[in-house]
Amino acid sequence: MSDPAESVFVRACRGQRTPWTPVWFMRQAGRSLPEYRALREGVGMLESCLRADLVTEITLQPVRRYGVDAAILFSDIVLPLKAAGVDLDIKPGVGPVVAQPIRRAADVARLPDLEPDDVQPVADAVRSLVTELRGTPLIGFAGAPFTLASYLVESGPSREHARTKALMYGDEPTWHALAERLAQIALAFLRVQVQAGASAVQLFDSWAGALSAADYARYVLPHSRTVLEGIRHFADVPRIHFGVNTGELLGLMADAGADVVGVDWRLPLDEAVRRLPDSVAVQGNLDPAVVFAPWPAVLERTRDVLRRGTTARGHVFNLGHGVLPDSDPDVLARIVELVHEESATQVQDAG
Ligand code: CP3
């Protein structure tokens with residue numbers, strides 16, 4: 001069994017030379033796979049996240065099918081909140097829905113802490129995955145304070161995040177108290193995963209792009225830094241920091257303490273590289289919708305992402321956001337093959 005800490009994926013995250021560009025897909029496990037839908041039949045989303053056997057199998061499915069360079073734990077950003085005791089559910093086709101929204105200081109005070117025991121099945125699944133993956137690295141993840149707060153404050157998915165921003169702008173102490181609690185929960189969740197053997201972590205701040213750079217710096221960055229720096233003190237694993245629509249925030253997201261910054265499809269990777277410090281690697285950024293286009297378009301755009309990625313210290317190929325539910329798994333498998341072949345040739349040309 002090879003050492004996942006020396007895998008192509010982890011080396012690329014660290015900006016070290018690799019024989020090819022590693023690739024994985026956000027949301028690679030899930031509804032686009034028929035074998036996933038079969039396993040999940042009659043089992044609720046959050047229930048499945050607390051069954052170690054299901055988590056293990058669902059995490060392995062895309063690794064077998066696509067030959068990706070990393071696995072990502074099957075779980076959800078709201079799972080630690082649920083496990084700690086927050087009354088919430090994931091409604092199919094909607095997303096996380098919270099029974100009682102958190103909008104005042106008294107609501108924040110009622111938020112429970114996450115104890116490692118609350119997510120014991122997650123630790124069990126990570127341990128069995130490390131064995132089953134035989135050297136393929138496992139990515140652990142958590143939701144960042146802003147994105148988690150948005151679900152709690154809005155009480156469900158939101159496009160505008162208006163109530164979340166209203167809390168931020170109108171009651172700064174309560175906002176910071178909430179974000180600090182969520183940072184501690186995210187950090188505790190990541191620690192459990194890393195302790196059990198995860199080789200890297202990704203902090204999902206999916207909705208941070210809703211904020212201006214000034215507001216991100218003032219209200220969000222300090223709390224995301226608590227999570228990312230907390231992990232740095234805990235273990236030597238690469239930290240990926242990702243959000244959507246974050247072109248104006250990339251430098252700040254690196255500043256929060258990332259080794260790799262995830263970029264969505266709106267910004268070419270070479271432009272993202274110009275906005276980031278030399279010390280960080282990039283992850284991304286094929287438009288998830290490209291998967292639905294005829295193969296020549298997929299080919300052209302995949303090559304373009306790879307070419308722009310060569311300007312970075314390290315590049316992890318990914319989509320700019322998660323796999324769309326109706327994606328054809330065969331196209332994703334072909335993209336993995338293409339990324340491997342093309343990038344191996346690039347390395348030969350450069351050498
Ligand atoms: O990437 C992977 O393969 C790992 C699994 C994973 C899930 N959620 C499984 C899931 C990951 C990394 C997440 C993170 C997550 N969850 C994020 C951040 C990433 C992003 O998309 O920006 C967010 C915002 C959530 C919250 C959430 N959970 C949403 C918006 C939804 C979709 C609701 C719907 O049905 O449209 C979920 C549910 C969810 N999480 C599903 C999966 C596979 C679908 C539910 C199902 O299969 O029944």
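What follows is a working chat about one predicted model.

User: Which cut-offs apply in this model, and how are residues numbered?
Analyst: This is a predicted model, where local features need pLDDT of at least 70, side-chain atom pairs count only at pLDDT 80 or more, and totals for chains, interfaces and linings use all residues. Residues are numbered from 1 along each chain as its sequence is written, and side-chain values use heavy atoms, with hydrogens and water left out.

User: Ligand first. How many residues surround the ligand, and which are closest?
Analyst: There are 27 residues around the ligand, and the closest are Arg27, Tyr36, Asp76, Ser206 and His321. A residue is near if one of its heavy atoms lies within 4 Å of the molecule or strand in question.

User: How much of the ligand does the protein bury?
Analyst: The protein buries 91% of the 880 Å² that the ligand exposes when taken alone. Accessible areas come from the Shrake-Rupley method with a 1.4 Å probe; for residues, only the protein chains shown count as cover.

User: Back to arginine 27. Where is it found, and is it buried or exposed?
Analyst: Arginine 27 is in the loop between α1 (8-13) and α2 (34-40). Helices (H or I, at least four residues) and strands (E, at least two) are DSSP runs, numbered from the N terminus. Arginine 27 is exposed, at 55% relative accessible area; buried means under 20%, exposed over 50% and partly exposed in between (1.4 Å probe, protein chains only).

User: What about phi of arginine 27?
Analyst: Phi of arginine 27 is positive, near 60°, and the residue is not glycine. Most residues other than glycine have a negative phi, and most peptide bonds are trans. Serine 155 also has a positive phi, near 70°.

User: Where is the cis peptide bond?
Analyst: A cis peptide bond joins glycine 284 and asparagine 285, with omega about -10°. Asparagine 285 is in strand β8 (residues 281-286).

User: Aromatics now. How many pairs?
Analyst: Six aromatic pairs, counting rings of Phe, Tyr and Trp (its six-membered ring) with centres within 6.5 Å; planes under 30 degrees apart are stacked, over 60 edge-to-face and the rest tilted. The rings of tyrosine 169 and tyrosine 219 have centres 6.0 Å apart and planes at 65°, so that pair is edge-to-face.

User: Where do those two tyrosines sit?
Analyst: Tyrosine 169 is in helix α9 (residues 162-170) and tyrosine 219 in helix α11 (residues 213-234), 50 residues apart. Tyrosine 169 is partly exposed at 44%, whereas tyrosine 219 is buried at 4%.

User: Which residues do ring pairs link into a cluster?
Analyst: Phe141, Phe204 and Phe242.

User: And asparagine 318, buried or exposed?
Analyst: Asparagine 318 is buried, with a relative accessible area of 0%, and it belongs to strand β9 (residues 315-319). The asparagine 318 side chain reaches the backbone oxygen of tryptophan 24 at 3.2 Å. A polar contact is a pair of N or O atoms within 3.5 Å; within protein, one must be able to donate a hydrogen and the other to accept it, and residues adjacent in sequence count only if both atoms are side-chain atoms.
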